[in-house]
Amino acid sequence: MAAIAIVVLRQQKARGYSSVSTFLATDKTYAYAASDKNPRYKLFVRSTDAQVSADSGMSMAVRAVNHARTPNAEDYSNGAFFWDGYDIRTNYAKHDKVKKGIKITDPAHNVVGIEDKEVPGEEWWRDAKGNKTKLRGRWSYRFQSTAGWGGTIFWKYNPDFIKGASNSEYN
C-alpha cells in the first residue's frame, strides 16, 4: 500500500493536480478502485475515523498515505508511475500494458507470474505532408518493472520509449 500511495502522489504532482482527491476524481481511468465502486474503497470513504482505526486494512492504508506524504520517504515502488495487480495475469492477452509491451527487469518484481512481451515500436519525424523524414527513436517495449510487492507489479516507461516517442514519464 505504501508503494501505491507514493505512486499516486507522484502522479498527482506530475500531472499538476492540487490534491490527490482532485486527481482521482478528474482522471477516473488512473486508479479504477477509486472510481469503479470498489466495495473496499466505498467502505473506506464512508467510514468514520473510529471505524478506520478499528480496521487493520483501513488503518494500514492511512499509514501508507502518511508514509507517502513524509518528506524523503522510502519509495517502495522504485520510481514507478503505474502499477498492476493480478488482472495483468488473468487478462494478459487483452491487458493494455501487455499489448504495448512489458519487460520484467528483475525476477523479484514478477510477483504475479507473467512473461515479458516485446511489442516493438518506432516514431519518425515527419514533413508538412506527413511523410517520414528521420527516425526519432525505437523501442522494444513501453513498460519496465521497477518493483513487486504482494500481488502488485510497479512500472515506469522504458527510457527508449520516452525519448523515441517524446512522451512524458507519467502520461
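Predicted model: local features only at pLDDT ≥ 70, side-chain atom pairs only at ≥ 80, totals over all residues.
Figure 1. The protein chain has 171 residues, and 32% of them are buried. Its secondary structure comprises 8 helices and 6 strands. Read from the N terminus, the elements follow the order α-α-α-α-α-β-α-α-β-β-β-β-β-α. Along the principal axes, the C-alpha atoms fill a box of roughly 65 × 35 × 30 Å. The accessible surface is about 10,500 Å², and carbon and sulfur atoms hold 50% of that area.

Figure 2. The strands are ordered β1-β6-β5-β2, and their pairing is mixed. At the edges sit β1 (82-84) and β2 (102-103), each of which pairs on one side only. Helix α1 (residues 2-14) packs on this sheet and touches β1, β5 (143-149) and β6. The direction of the helix makes about 140 degrees with that of β1. Take a look at β1 and β6, too: they pair in the antiparallel sense over 3 bridges. Here Phe82 stands opposite Trp155 in β6.

Figure 3. Phe154 belongs to β6, which spans residues 152-157. Is Phe154 buried or exposed? With a relative accessible area of 2%, Phe154 is buried, because buried means under 20%. Beyond residues up to four places away in sequence, Phe154 touches a list of partners including Ala3, Ile4 and Val7. Others among them are Ser77, Ala80, Phe82 and Trp83, along with Gln144, Ser145, Thr146, Ala147 and Trp149.

Figure 4. The largest nonpolar core has 24 residues, and Tyr30, Phe82, Ile114 and Trp155 touch the most other members. Which elements give two or more residues to this core? They are α1, α2 (20-26), β5 and β6. Strand β6 gives the most, with 4 residues.

**Figure 5. The hairpin of β3 and β4.** Strands β3 (residues 121-126) and β4 (residues 132-139) run antiparallel and are joined by 6 bridges. Arg126 has Lys132 in β4 as its bridge partner. The hairpin has 5 residues between its two strands. One point to look for in the turn is Gly130, where phi is positive at about 90 degrees.

Figure 6. Asp75 and Arg10 form a salt bridge, with their closest N and O atoms 2.4 Å apart. This pair links distant parts of the chain, since Arg10 is in helix α1 and Asp75 is in the loop between α5 and β1, 65 residues apart. Arg10 counts as partly exposed, at 21% relative accessibility. Gln12 also lies in helix α1. Gln12 is buried, with a relative accessible area of 7%. Apart from neighbours within four places in sequence, Gln12 is in contact with Tyr17, Ser18, Ser19, Val20 and Phe23.

**Figure 7. Salt bridges at helix α7.** The whole structure contains 5 salt bridges. One of them joins Lys97 to Asp84, the closest N and O atoms lying 3.0 Å apart. Lys97 is in helix α7 (residues 96-100) and Asp84 is in strand β1, a link between distant parts of the chain that are 13 residues apart. Both Lys97 and Asp84 are buried. Asp96 and Lys100 also meet through their side chains in a salt bridge, at 3.0 Å from N to O. Because Asp96 and Lys100 are 4 residues apart in helix α7, about one helical turn separates them. Asp96 is partly exposed at 44% relative accessibility, and Lys100 is partly exposed with a relative accessible area of 26%.

Figure 8. Asn72 is found in the loop between α5 (56-69) and β1. Its phi is near 60 degrees, a positive value in a residue other than glycine. Asn72 is exposed, with a relative accessible area of 81%. Ser166, in the segment after α8 (159-165), is not a glycine either, and its phi is positive at about 50 degrees.

Technical notes: Residues numbered from 1 in each chain as written. Heavy atoms only, no water. Buried < 20%, exposed > 50% of the residue type's maximum accessible area, 1.4 Å probe, protein only. Contact = heavy atoms within 4.5 Å. Pairing = 2+ DSSP bridges. Axes fitted to C-alpha atoms, helices over the stretch in contact; angles between N-to-C directions. Core = buried A, V, L, I, M, F, W, Y, C linked by side-chain atoms within 4.5 Å. Areas by Shrake-Rupley, 256 points an atom, 1.4 Å probe, with all protein chains shown as cover. Salt bridge = Lys/Arg side-chain N within 4 Å of Asp/Glu carboxyl O.
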